[in-house]
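Here is a friendly walk through one protein model, meant to be read with the structure open beside you. Please keep the viewer at hand as you go.

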Amino acid sequence: MDLKSPFVISIVDLPRQEGAMREVRTGFNAPSDVGVAMYQVAEGSPLGVDLTLQSVSEGVLVDGYVSAHAHGQCSRCLIDIDEDMNERISELVFYPERAAALEDEGDEEAEDFFLIENDRIDLEPIIRDALVLSMPLQPLCQADCEGLCPVCGERWLDLPEDHEHLEEASDFSVLDALAAKLRAAEEGE
Ligand SMILES: [Zn+2]
Ligand SMILES: [Zn+2]
């Protein structure tokens, strides 16, 4: 645990007695690599957390929401997508001795538990999981996006309903149109 990380919070003022609670409402700058291939939260962009920490017998229950702004591309038409995320967090962070005891009892997941160290909790992996696990692997600009016209590479959503090309598309023109769109998207970054 990196004690200098802004995501590492002290819980010395949270009584260990079961049911004791503390609110954490704060903001962070997003760490790097919060994202999937076509959908990311930009490094340094604002994150907000609104959490309740509650002492339970095994550790501290971290419960609430994280908000962030995500940027991505539609997996069908490649247009930019900007969305606000607000994702549920509900994680049990274990006292190390409780996690060790569960591991001794044969709990195979115990080695992956989040742990309290020196009365501190690192919120970064918890926030990262909540955001990344909610991200779409195939983001869409809208649910019924029909992608691109295979001949001219324009978005169907931008084309008139009667749009058509007189000659049948060959396989090559389909690939050419897609390749041109991908190049344009890369150059636009
Ligand atoms: Zn789309
Ligand atoms: Zn077309």
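Helix H2 holds both Glu 124 and Arg 128, which sit 4 residues apart, about one turn of the helix. (Helices, H or I with at least four residues, and strands, E with at least two, are DSSP runs numbered from the N terminus.) The side chains of Glu 124 and Arg 128 meet in a salt bridge, at 2.8 Å from N to O. A salt bridge here is a side-chain nitrogen of Lys or Arg within 4 Å of a carboxyl oxygen of Asp or Glu. Glu 124 is partly exposed, with a relative accessible area of 22%, and Arg 128 is partly exposed at 22% as well. For these labels, buried means under 20% relative accessible area, exposed over 50%, and partly exposed in between, with a 1.4 Å probe and protein chains only.

A word on the ground rules: this is a predicted model, in which local features need pLDDT of at least 70 and side-chain atom pairs count only at pLDDT 80 or more, while totals for chains, interfaces and linings use all residues. Residues are numbered from 1 along each chain as its sequence is written, chains are lettered from A and ligands numbered from 1 in the order in which they are written, and side-chain values use heavy atoms, with hydrogens and water left out.

**Other charged pairs**

The structure holds 7 salt bridges. Side chains of opposite charge can pair when their charged atoms come close.

| Pair | N to O distance |
|---|---|
| Glu 124 and Arg 128 | 2.8 Å |
| Asp 13 and Arg 22 | 3.1 Å |
| Glu 97 and Arg 16 | 2.6 Å |

Glu 97 lies in helix H1 (residues 96-104) and Arg 16 in the loop between strand S1 (8-10) and strand S2 (21-29), so this pair ties together parts that are 81 residues apart in sequence. Glu 97 is partly exposed, at 44% relative accessible area. In the Asp 13 pair, Asp 13 counts as exposed at 52%, whereas Arg 22 is partly exposed at 23%. Glu 23, Arg 25 and Asp 50 are linked in a network of salt bridges.

Which charged residue is buried yet has no salt bridge? That is Glu 87, and the nearest side chain of opposite charge, Arg 88, is 9.8 Å away. (Lys and Arg count as positive and Asp and Glu as negative; His and the chain ends are not counted.) Glu 87 belongs to strand S7, and its side chain makes a polar contact with the side chain of Ser 134 at 3.2 Å. A polar contact is a pair of N or O atoms within 3.5 Å; within protein, one must be able to donate a hydrogen and the other to accept it, and residues adjacent in sequence count only if both atoms are side-chain atoms.

**Strand S7 and its partners**

S6 and S7 run antiparallel and are joined by 15 bridges; two strands pair if DSSP finds at least two bridges between them. Ala 68 has Met 85 in S7 as its bridge partner. The hairpin of S6 and S7 has 6 residues between the strands, and there Leu 78 takes a positive phi near 70 degrees. Leu 78 counts as buried, at 15% relative accessibility. S7 also pairs with strand S8 (residues 114-115), in the parallel sense over 2 bridges, and Val 93 stands opposite Phe 114 in S8.

Asn 118 has a positive phi too, near 50 degrees. Asn 118 lies in the loop between S8 and strand S9 (120-122) and counts as exposed at 62%.

**The zinc sites**

Which residues coordinate the zinc ion (ligand 1)? The SG atoms of Cys 74, Cys 77, Cys 141 and Cys 145 do, at 2.3 to 2.4 Å. Donors are N, O and S atoms within 2.8 Å of the metal (3.2 Å for Na, K and Ca); water is not among the atoms, so sites may look incomplete. The 4 donor atoms subtend angles of 105 to 115 degrees, which makes the arrangement tetrahedral; four donors count as tetrahedral if all angles lie between 85 and 135 degrees. Along the chain, the donors follow the spacing C-x2-C-x63-C-x3-C. Cys 77, in the loop between strand S6 (59-73) and strand S7 (80-94), and Cys 145, in the loop between helix H2 (124-132) and helix H3 (171-187), are 68 residues apart and link distant parts of the chain. Cys 77 is buried at 3%, and Cys 145 is buried at 3%.

The zinc ion (ligand 2) is coordinated by Cys 149 (SG), Cys 152 (SG), His 163 (NE2) and His 165 (NE2), at 2.0 to 2.3 Å. This site is tetrahedral, with angles of 99 to 114 degrees among its 4 donor atoms. Cys 149 is buried at 2%, whereas Cys 152 is partly exposed at 31%.

Methods:
Four donors count as tetrahedral if all angles lie between 85 and 135 degrees; four count as square planar and six as octahedral if opposite donors are over 155 degrees apart and all others between 65 and 115; anything else is irregular.
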